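User: Please take a close look at a single part of this model, the places where its elements pack against one another. I would like one connected account that I can follow beside the picture.

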Amino acid sequence: MSAPTATAEAAPMSRRQTLEALSGLLLVLFVAMLSSTVVSTALPKIIGALNGSQTQYTWVVTATLLTATATTPIWGKLADLFSKKLLIQVAIVVFLVGSVAAGFSQSAGQLIAARAFQGIGVGGLQALVQVAIAAMIPPRERGRYNGYLGGVMALATVGGPLLGGLIVDTSWLGWRWCFFVGVPVAIIALFLLQITLNLPTVRRQNVKIDYLGATLIAAGVSVLLIWISFVDDSFAWLSWQTAAMVGGAVLLLALAVRVEARAAEPVVPLHIVRERTTALAILGSLAVGMAMFGGAVFLGQYFQIGRGYSPTEAGLLTIPMMAGVLISSIVAGRMITTSGKIKPYIVFGAIVLVAGFALLGTIDHETSLVIVGVAMFVVGVGVGMTMQNLVLAVQNTVALKDIGAASASVAFFRSLGGTIGVSVLGAVLARQVTDRITHDLAAAGIPTTGGGGSTLNLDALPEPVRQIVRAAYGDATGHIFLISAAIAVVGVVAALLLRPVTLRSSLDLPDPGRAVAVGADAVDAAPAFDGVDADPAGREEHARR
């Protein structure tokens, strides 16, 4: 394979240019995340309007998550080989086409297909935004910008259900605007990035893309997520379907590992994943993924079903978690930039996350909203101090040429962990709710019909049954968060095992044998070739790498 050649697309970006480019990146990240959360409260009306089934109801959400998760490492690897700016714009276009197609869907099947295509763009945007930021800002300085990232993610996660509820409750809009609402914002972001985003690109001759590895990874992850979507509903945990799907997923992923170990340009470089910091960050990200996904899914259900609030009110009641994420990510980010130390904040955030889940584990259908709000705020603080900082810890350990694969690997496992966590916890919740409803109906002398008590259309139920169903959901939700607290302990262990390091002040790793500049001077002296001196020797070394 020929040696790569470095090409600078533009001079180093000033702080003003960085903020301008960052505004476009955050805008498109917000729209991408919003596309997944905005349908959560609107989905019952959407599926009802399209005459869809319960299985199709699940797949409208799962299709997007599946394709986004499966394609994340592929987008990340492409970012190490081609123009990051061009790839972001391609991902935006894919997202726009999928959004428009979803909005014009005439059947549930068409909607699922459109959402799957949309998920390809979502996966690219979620991975590439962080890669672009890493290519613009050195790790030491990146901490102060993590607050913006955390705030955008929190706003999309908590504000999406609120916006979805408002859209479907507004007669002159209708459910189709849940998909159309992001289109004009994404178009604005597309043109804004064309004007403001200027990133150096490493252009390589005779690039070899690992198509076989990418196919095996996507196929293995897809089979695993499909199994998670159907297990304990369409078939039992211990069944031939489980054996076939889990065995097939393991076989495909084992083949992917073998291919990746031999590929010239692997989609997921194994030497990065095996590195201690990356491996521990992946473990920690599983807990954070569960917090972000599980918090939004089960808290929204708790407020609407367990407490009887409307979708709009439920969105407003989850604001404390968004506030916790926003405040903690901003404060921790600035303190990390000042000190250069990152491990103490990740460890503290992981511990706070466990405490927040444990506090949520005490709630039932009569718990004071003040206590619930405090618990959500604590969970938000934990997420804000860990989520982006785990990615930052990984980015600090790899060279700029591998930043895409490294960032995407953490995002991939966080998304995968969140998906698995939500599915498993959802199965536990469903089982507990069913058992509790059956027991309480029998205790009240109300005959059960084998399924009438499990309906979520509470308005169609008699008042005594409605109260039993609400109490069942409200009380069972606490057990879900106790399980989350236990799983989040893994994140604490992973954080404690991280090596204490000082974040570097250069975009790229320094060359071996060279003195490393520290402090503000290193940022000001950042050379035009991604951390390589502008002298001929530096250029030659950069081209060789």
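Analyst: Contact here means heavy atoms within 4.5 Å. Helices (H or I, at least four residues) and strands (E, at least two) are DSSP runs numbered from the N terminus. This is a predicted model, in which local features need pLDDT of at least 70 and side-chain atom pairs count only at pLDDT 80 or more, while totals for chains, interfaces and linings use all residues. Residues are numbered from 1 along each chain as its sequence is written, and side-chain values use heavy atoms, with hydrogens and water left out.

Of its 545 residues, 55% count as buried, a term for relative accessible area under 20%, with exposed meaning over 50% and partly exposed lying in between (1.4 Å probe, protein chains only). Among contacts in the protein with a separation of 6 or more, 83% join residues 24 or more positions apart.

The axes of helix H1, which spans residues 15-37, and helix H5, which spans residues 108-136, come within 9 Å and cross at roughly 150°, where axes are lines fitted to C-alpha atoms over the stretch in contact and angles run from 0 to 180 degrees between N-to-C directions. This crossing makes H1 roughly antiparallel to H5, a label for angles over 145 degrees. The crossing of H1 and H5 is left-handed, that is, the near helix is turned anticlockwise from the far one by less than a right angle. On the H1 side the contact is made by Thr18, Ala21, Leu22, Leu25, Val28, Leu29, Ala32, Met33, Ser35 and Ser36, and on the H5 side by Arg115, Gln118, Val122, Leu125, Gln126, Val129, Ala132, Ile133 and Met136. Sorted by class, the contact of H1 with H5 has 13 nonpolar, five polar and one charged residues, with Ala, Val, Leu, Ile, Met, Phe, Trp, Tyr, Cys and Pro taken as nonpolar, Asp, Glu, Lys and Arg as charged and the others, Gly among them, as polar.

Glutamine 126 sits in helix H5 and is partly exposed, with a relative accessible area of 24%. Leaving aside residues up to four places away in sequence, glutamine 126 touches Leu29 and Met33. Leucine 149, by contrast, belongs to helix H7 (residues 146-169) and counts as buried because its relative accessibility is 4%. Beyond four places in sequence, leucine 149 touches Leu26, Leu29, Val129, Ile133 and Gln388. Leucine 149 and leucine 326 are 177 residues apart in sequence but 8.8 Å apart in space, C-alpha to C-alpha.

A further pairing can be set beside this one. Helix H4 (residues 84-103) packs with helix H9 (residues 183-196) at an angle of about 165°, their axes being 10 Å apart; H4 and H9 are therefore roughly antiparallel to each other. Their crossing is left-handed. From H4, Lys85, Ile88, Gln89, Ile92, Phe95, Leu96, Ser99 and Val100 meet Val183, Ala186, Ile187, Leu190, Leu193 and Gln194 from H9. By class, this contact has ten nonpolar, three polar and one charged residues.

Technical notes. Angles under 35 degrees count as roughly parallel, over 145 as roughly antiparallel, 65 to 115 as roughly perpendicular and the rest as oblique.
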